[in-house]
Amino acid sequence: MGQIILLASFIFLGLMTLVVMLLLLMFWWMPRLQDAKKVLEVVLLIFPPYALGGGFLSIATEQIRADLFNEFTDMPNGASDPFSWMVAGRNMVALASEAIIFFLLNLAWEVVMDRRRPKMVEEGLVLRVDQV
């Protein structure tokens, strides 16, 4: 049950943050909203669903921009590398660092719980295998 709730909350969080960023992207002519978008692009990277979805959104936006540029101009392609820092590199680094941090937190939790286990067996809170 807990995994389903966690999955649903991650999907909801990712969807809502991406909707907000898409709305801010559509109001490109309002300078205050663009300043808020720039701040939110960095702040929301602490959420893994946004980091993943925001990277996909940046890659898709850059590809659409390049396709339109090629369609309506005779100039060489103005597209940037999809894995450059400003397109999706920042999101990939955020995801990699979050994976390392969460892995270390998981290891720390396991170490703490393993150290508590002998105390819990002595107190009778946990049954040993030979008692079952």
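Buried means under 20% relative accessible area, exposed means over 50%, and partly exposed lies in between, with a 1.4 Å probe and protein chains only. Welcome to a predicted model, in which local features need pLDDT of at least 70, side-chain atom pairs count only at pLDDT 80 or more, and totals for chains, interfaces and linings use all residues. Residues are numbered from 1 along each chain as its sequence is written, and side-chain values use heavy atoms, with hydrogens and water left out.

**Overall layout**

- The protein has 4 helices and 0 strands; helices (H or I, at least four residues) and strands (E, at least two) are DSSP runs, numbered from the N terminus.
- Read from the N terminus, the elements follow the order α-α-α-α.
- Of the 132 residues in the protein, 19% count as buried.

**Salt bridges**

- Side chains of opposite charge can pair when their charged atoms come close.
- The whole structure contains 3 salt bridges, each being a side-chain nitrogen of Lys or Arg within 4 Å of a carboxyl oxygen of Asp or Glu.
- In one of them, K37 pairs with E41, and their closest N and O atoms are 2.6 Å apart. These two residues are 4 residues apart in helix 2, so about one helical turn separates them. K37 is buried, with a relative accessible area of 12%.
- E41 also meets R90 in a salt bridge, at 3.8 Å from N to O. This pair links distant parts of the chain, with R90 in helix 4 and E41 in helix 2, 49 residues apart. Both R90 and E41 are buried.
- R65 forms a salt bridge with E62, with 3.1 Å between the closest N and O atoms. Because R65 and E62 are 3 residues apart in helix 3, they are separated by about one helical turn. R65 is partly exposed, at 49% relative accessible area.
- Through shared partners, salt bridges join K37, E41 and R90 into one network.

**The largest pocket**

- The largest pocket holds about 430 Å³ of space. On a 1 Å grid over the protein atoms alone, a pocket is an open set of points where a 1.4 Å probe fits, with protein on both sides within 12 Å along at least five of seven lines, and lining residues have an atom within 4 Å of a point. The volume is the space filled by probe spheres set on the points, which are joined across faces, edges and corners.
- Of the 18 residues lining this pocket, L25, K37, E41, S58 and M86 are the closest to its centre.
- Helix 1, helix 2 (31-43), helix 3 (48-72) and helix 4 (85-122) are the elements that give two or more residues to the lining. Helix 3 supplies the largest share, 7 residues.
- The lining divides into 7 nonpolar, 5 polar and 6 charged residues.
- S58 sits in helix 3 and is partly exposed, with a relative accessible area of 23%.

**A nonpolar surface patch**

- F12, L15, M16, V19, L23, M26, F27, W28, W29 and M30 form a nonpolar patch on the surface, with about 1000 Å² of accessible area together. Patches are made of residues with over 30% relative accessible area and no salt bridge, and nonpolar side chains (Val, Leu, Ile, Met, Phe, Trp, Tyr) are joined within 5 Å.
- M16 belongs to helix 1 (residues 2-26) and is partly exposed, at 36% relative accessible area.

Notes. Patch = residues over 30% accessible without salt bridge, like charges linked within 9 Å, V, L, I, M, F, W, Y side chains within 5 Å. Areas by Shrake-Rupley, 256 points an atom, 1.4 Å probe, with all protein chains shown as cover. Nonpolar A, V, L, I, M, F, W, Y, C, P; charged D, E, K, R; others polar.
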